[in-house]
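Here is a short briefing on one protein chain. Keep the structure open while you read.

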Amino acid sequence: MSETATQLAQAARDDAGMLFGFWYPAARSTLVRRNQMTTALLLEIPLSLGRDREGRPFAMRDACPHRGMPLSFGRLEANNVECSYHGWQFDVHSGQCAVIPSLTADSKLKCDRIFADAFPCEERDGYIWVFVPEPDARTQSPSASAAPTPAPELPKFSADFHIAHLSAEMPVSVDHGIIGLMDPAHGPFVHQAWWWRSRRSIHDKQKAFEPIANGFRMSTHTPSSNSAPYKLLKALYGAPVTTTIDFVLPNMRFEQTRCGRAWFSSRATVTPVRRDLCRLDFCAAWNVAPWGAFIGAGLRVFGPRFIRQDTETMAKQSIGLKHRPKLMLIDDADRPAKWYFALKAAYLESRRTGAPMVHPMDGPVTLRWRS
Ligand code: FES
Ligand SMILES: [Fe+2]
């Protein structure tokens, strides 16, 4: 069996395929309010999420370091969370213990040496992002888990823009979620619609790809000229339409379409929740006047339908995967999936050795397939 086939088989079995040491969107910003804690599961880590007095978000492991009570049952007291069992208090950002009510005045226990797990947490583009460090980093000092980079941000190209969000759970491992997202060959079978495309419209495609840091890019190109939205854009702005699509570890697909002053930028992330469940979060921003609101309405109508076609397909696929079938990846349609597994392997190898990551692609490649 080839290396990628082995990785794919593993993904179908028990390997959770989850990458630590990255930022992930844990929840939509609107679900995380002041004076109230909410919970989320991220890479099988239960989190309690909330906001401090200033409205800054925080994320803690939803387990008190004393006897495991979920901190989300507790209450917020200034910038501390108070556990509902014995009233220990922890700073919501550092996790440092501030109060142990049962201690007598002469107690030698230094409560400031006790820490609940607190994760780096930032708010961007309407999501609460949480940095999930390597599991062993958490057994060291709290600073060992500090995020090396700021949370990812959706690229925007003007001060004024519209923004929209869509999300859906997919009952498969993160690997199957991601390779399903980047798979060009399922379109005519899964996303059939009279206004979009059908099986009969399958034709030869050829696209150039190039390596980028931690990922690969479908090189900037002019999208298929017979599609109505692109024709309209070109007529409106009198400039050629160009599209660039990037995949970047651990889970992000960025797509940017530009035409003169007009731009449309989107990001899809596939976030591991459990080993058998992931969540797709789609976020788009654009400044296409005068149809800004119109595009939002279109996304809200057709986006969920498109995403439902994918999630229903993956729900059916998960029935097959339960029995651990043999799987394969073929050229060229599955080559992006092969690059994804190769990138993950290269990333894990560099983590293991401490050497810089060796990119699995050595230069630009043109892929050909029919879809
Ligand atoms: S379990 Fe939290 S204070 Fe005891
Ligand atoms: Fe799809």
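P250 sits in the loop between strand 15 and strand 16. A cis peptide bond links L249 to P250, with omega at about 5 degrees. The model is predicted.

- Strand 15 (residues 242-248) and strand 16 (residues 252-259) are antiparallel partners, paired over seven bridges.
- Within this pair, D246 stands opposite F254 of strand 16.
- Both strands belong to an open sheet of eight strands, ordered 12-18-17-16-15-14-13-19, with antiparallel pairing.
- Its edge strands are strand 12 (162-170) and strand 19 (365-370), and each pairs on one side only.
- From one strand to the next, the twist averages 20 degrees.
- Helix 2 (residues 174-182) lies across strand 12, strand 15, strand 16, strand 17 (262-274) and strand 18 (277-286).
- The angle of helix 2 to strand 17 is about 155 degrees.

- Q206 is part of strand 13 (residues 204-212).
- Is Q206 buried or exposed? Q206 counts as exposed, because it has 10 C-beta neighbours inside 10 Å and the cut-off for exposed is 12 or fewer.
- Setting aside neighbours within four places in sequence, Q206 is in contact with T366 and R368.
- Q206 and D332 are 126 residues apart along the chain, yet their C-alpha atoms are separated by 9.9 Å.
- D332 is in the loop between helix 5 and helix 6 (335-353).
- A cis peptide bond joins D331 to D332, with omega at about -5 degrees.
- For context, most peptide bonds are trans.

**Helix 5**
- Helix 5 (residues 292-321) has 30 residues.
- From first C-alpha to last, helix 5 reaches 41 Å, close to the 44 Å expected at 1.5 Å a residue.
- Where is the kink in helix 5? The kink lies at F302, shortly before the proline P304, and is about 30 degrees.

**Strand 4 and its partners**
- Strand 4 (residues 57-61) has four of its five residues buried, so the rest of the structure largely encloses it.
- Strand 3 (residues 45-51) pairs with strand 4 in the antiparallel sense, over five bridges.
- L49 has A59 of strand 4 as its bridge partner.
- The hairpin of strand 3 and strand 4 has five residues between the strands. There, G55 takes a positive phi near 95 degrees.
- Strand 4 also runs antiparallel to strand 9 (residues 118-119), joined by two bridges.
- In that pairing, A59 has F119 of strand 9 as its bridge partner.

- Four strands form an open sheet in the order 5-6-7-8, with antiparallel pairing.
- Strand 5 (75-77) and strand 8 (97-99) are its edge strands, each pairing on one side only.
- Neighbouring strands here are turned by 35 degrees against each other on average, direction ignored.
- Strand 5 and strand 6 (residues 80-82) run antiparallel and are joined by three bridges.
- One of the residue pairs is R75 with E82 of strand 6.

**Loop residues to look at**
- Most residues other than glycine have a negative phi.
- L43 has a positive phi near 50 degrees. L43 is in the loop between strand 2 (38-42) and strand 3.
- L43 is buried, because 22 other C-beta atoms lie within 10 Å and the cut-off is 20 or more.
- D125 has a positive phi of about 55 degrees. D125 is in the loop between strand 10 (121-124) and strand 11 (127-132).
- D125 has 19 C-beta neighbours inside 10 Å, so it counts as partly exposed.
- K108 lies in the loop between strand 8 and strand 9. With 5 C-beta neighbours inside 10 Å, K108 counts as exposed.
- K108 and L47 are 61 residues apart in sequence and 31 Å apart in space, C-alpha to C-alpha.

**The whole chain**
- The protein chain has six helices and 19 strands.
- Its C-alpha trace spans about 80 × 55 × 40 Å along the principal axes.
- Of the 371 residues, 30% count as buried.
- Among contacts between residues at least 6 apart in sequence, 56% join residues at least 24 apart.

Conventions:
Residues are numbered from 1 along each chain as its sequence is written. Chains are lettered from A and ligands numbered from 1 in the order in which they are written. This is a predicted model: local features need pLDDT of at least 70, side-chain atom pairs count only at pLDDT 80 or more; totals for chains, interfaces and linings use all residues. The expected span of a helix is 1.5 Å times one less than its number of residues. The bend at a residue is the angle between axes fitted to the seven residues ending there and the seven starting there. Two residues are in contact if their C-beta atoms, placed from the backbone, lie within 7 Å. Two strands pair if DSSP finds at least two bridges between them. Axes are lines fitted to C-alpha atoms, for helices over the stretch in contact, and angles run from 0 to 180 degrees between N-to-C directions.
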